[in-house]
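Let's take a friendly walk through a protein model together. Have the sequence and the 3D view ready, and follow along as we go.

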Amino acid sequence: MQLAMASSLQPWVLLLILPLLSLVLSSAALAAVFNDNFVAVGGTDSNHLVDQGTSVHIVLDKSSGAGFSSKEAYGSGFFHMRIKTPPGYSAGVVTAFYLTTEPEQGDHDEVDLEFLGNVDGKPVILQTNIFLNGKGDREQRIELWFDPGADFHDYKILWNPYQLVVFIDDTPIRVLKNLAPGQFPARPFKIRASIWDGSGWATDFGKIKVDWNRAPFTTVFQDFDVDGCRATGGAPCGSPSLPWNGIQSLTPAQWDAYKDAKSKHTTYDYCTNKDRAYAQLPGECNNN
């Protein structure tokens, strides 16, 4: 039946369709699978990390969480994942997508996106944090304006010599400009993801714990291509020839979207926390 339909099409229609079909098939064939660029680093049994090639399920139950890491470290890039967090009741559950230097403790740099689960009917909070030389305490929290457990969304981190920008889909939600030495990450990052028990702090400041009767909790990741400069590749990762290094600032439309998201959805910003005494307000607070 499909062949009969195809044979009935006019030749000029086929000339238009076939190149498009070839492009779609080529793109599908070239799409990276998990093992191309990533490796399991926690919950490595088949119950807690389920590798389906173009998607990976990481699972939290009472016995364990799970996580994975990029095989390579990168010196700049536009890193992205399509993520769907645990649906429904997920209080106490933390899903993380982040960049980190190694070793992942002590004097390290890190850029965190942490999804803080919630009870039914309450919005999931996305907390971002930036560690520089082992010091964090730069948390910002927003209430997501959609249900991240209902469908996939794109979460992206642009990191180049000029700025670090966190995006949800195409909306910037955090901007750190490279304006002063020591106030901007400059060491190679690995890409990491994990799911874990954050009962002690994640939901309502730790008042609501993980309900293990509702376990397991599953987060799904897709899109394992990496748009980044390998730190061991020999090429300078600050080169202007790399496409993401050409993005030196947000466009006016992106700035408007950023301000709109911040004004409508921010629930906490370390810059405005009066309980923290800063000898000097961090540069990010002054410039964004």
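## Salt bridges

In this predicted model, D107, D109 and R187 belong to one network of salt bridges. Side chains of opposite charge can pair when their charged atoms come close. Across the whole structure, a search turns up 10 salt bridges.

Which side chain meets E72 in a salt bridge? The partner is R230, with an N to O distance of 3.9 Å. Because E72 sits in the loop between β4 (66-70) and β5 (74-84) while R230 belongs to strand β15 (residues 228-230), this pair ties together parts that are 158 residues apart in sequence. E72 has a relative accessible area of 26%, so this residue is partly exposed. R230 is also partly exposed, at 43%.

Another salt bridge brings together the side chains of E104 and R192, at 2.7 Å from N to O. E104 is found in the loop between β6 (93-100) and β7 (110-116), and R192 in strand β13 (residues 190-197), so the pair connects parts 88 residues apart in sequence. Are these two residues buried or exposed, or in between? E104 is partly exposed, with a relative accessible area of 27%, whereas R192 counts as buried because its relative accessibility is 15%, below the 20% cut-off.

K135 and D137 form a salt bridge too, and their closest N and O atoms are 3.7 Å apart. D137 counts as partly exposed, at 38% relative accessibility.

## Disulfides

The link of C271 and C285 is left-handed, with -80 degrees about the S-S bond. C271 counts as buried at 18% relative accessibility, and C285 counts as buried at 17%.

## The largest pocket

The largest pocket has a volume of about 360 Å³. Of its 18 lining residues, the closest to the centre are I125, R141, D204, F205 and T267. Two or more lining residues come from each of β8 (125-131), β9 (140-143) and β16. Sorted by class, the lining has 8 nonpolar, 5 polar and 5 charged residues.

Notes
Residues are numbered from 1 along each chain as its sequence is written. This is a predicted model: local features need pLDDT of at least 70, side-chain atom pairs count only at pLDDT 80 or more; totals for chains, interfaces and linings use all residues. Side-chain values use heavy atoms; hydrogens and water are left out. A disulfide is a pair of cysteine sulfur atoms within 2.5 Å. Buried means under 20% relative accessible area, exposed over 50%, partly exposed in between (1.4 Å probe, protein chains only). On a 1 Å grid over the protein atoms alone, a cavity is a set of points where a 1.4 Å probe fits but cannot get out, and a pocket is an open set with protein on both sides within 12 Å along at least five of seven lines; lining residues have an atom within 4 Å of a point. Grid points are joined across faces, edges and corners, and a volume is the space filled by probe spheres set on the points. Helices (H or I, at least four residues) and strands (E, at least two) are DSSP runs, numbered from the N terminus. Ala, Val, Leu, Ile, Met, Phe, Trp, Tyr, Cys and Pro count as nonpolar, Asp, Glu, Lys and Arg as charged, and the others, Gly among them, as polar. A salt bridge is a side-chain nitrogen of Lys or Arg within 4 Å of a carboxyl oxygen of Asp or Glu.
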